Amino acid sequence: METRVAIAAIVVENPASIEQMNRILHEYRAYIIGRMGIPYPSRQISLISVAMDAPTNIISALSGKLGNIPGLSVKTVYSKRTTPKKEG
């Protein structure tokens, strides 16, 4: 199975959407390398980046689910290179 490294940039404009976002991220935890959140109180938003190593269809599914949550904006950037994922 080939995988790609990608980063999803998430802008949280409605704090009520965070619980649903975290549930979805938890579902995909096996593919997440790490995540970083930056609160920006003066703009009343939060910025979150999620680094992943997963098959393209998994990355797309995660991005799509997050993008359908009201109050979130999501953009994903993919690496150009695919690599075979090592099992284990």
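The buried residues of helix α1 (residues 18–27) pack against β1, β2, β3, α2 and β4; buried means under 20% relative accessible area, exposed over 50%, and partly exposed in between (1.4 Å probe, protein chains only). The model is a predicted one, in which local features need pLDDT of at least 70 and side-chain atom pairs count only at pLDDT 80 or more, while totals for chains, interfaces and linings use all residues. Residues are numbered from 1 along each chain as its sequence is written, and side-chain values use heavy atoms, with hydrogens and water left out. Helices (H or I, at least four residues) and strands (E, at least two) are DSSP runs numbered from the N terminus.

In α1, the residues M21, I24 and L25 are buried. Seen down the helix axis, the buried residues of α1 fall within an arc of 100°, so they line one face of the helix; the arc is that of the directions from the helix axis to the C-beta atoms. The face of α1 turned away from the buried side carries E19 and E27, which are exposed.

The sheet is open and consists of 4 strands in the order β2-β3-β1-β4, with antiparallel pairing. Two strands pair if DSSP finds at least two bridges between them. β2 (32–40) and β4 stand at the edges with a single partner strand each, so one side of each lacks a neighbour in the sheet. From one strand to the next, the twist averages 10°; axes are lines fitted to C-alpha atoms, for helices over the stretch in contact, and angles run from 0 to 180 degrees between N-to-C directions. β2 pairs with strand β3 (residues 45–54) in the antiparallel sense over 8 bridges. I32 has M52 in β3 as its bridge partner. Helix α1 packs on the sheet and touches β1, β2, β3 and β4, its direction making about 165° with that of β2. Helix α2 (residues 56–67) also packs on the sheet, where it touches β1, β3 and β4 and makes about 175° with the direction of β4. Contact means heavy atoms within 4.5 Å.

The largest nonpolar core has 19 residues, of which I10, M21, V50, M52, L62 and L66 touch the most other members. The elements giving two or more residues to this core are β1, α1, β3, α2 and β4. Such a core is a set of buried Ala, Val, Leu, Ile, Met, Phe, Trp, Tyr and Cys residues joined through side-chain atoms within 4.5 Å. Residues up to four places away in sequence not counted, L66 touches I10, M21, I24, L25, L72 and V74.

T3 lies in strand β1 (residues 2–12) and, at 2% relative accessibility, counts as buried. The side chain of T3 makes a polar contact with that of D53 (2.7 Å). A polar contact is a pair of N or O atoms within 3.5 Å; within protein, one must be able to donate a hydrogen and the other to accept it, and residues adjacent in sequence count only if both atoms are side-chain atoms. T83, in strand β4 (residues 72–84), is partly exposed, with a relative accessible area of 34%. Apart from its neighbours within four places in sequence, T83 is in contact with M1, E2 and T3.

Q44 lies in the loop between β2 and β3 and is exposed at 67% relative accessibility. Although not a glycine, Q44 has a positive phi of about 55°.
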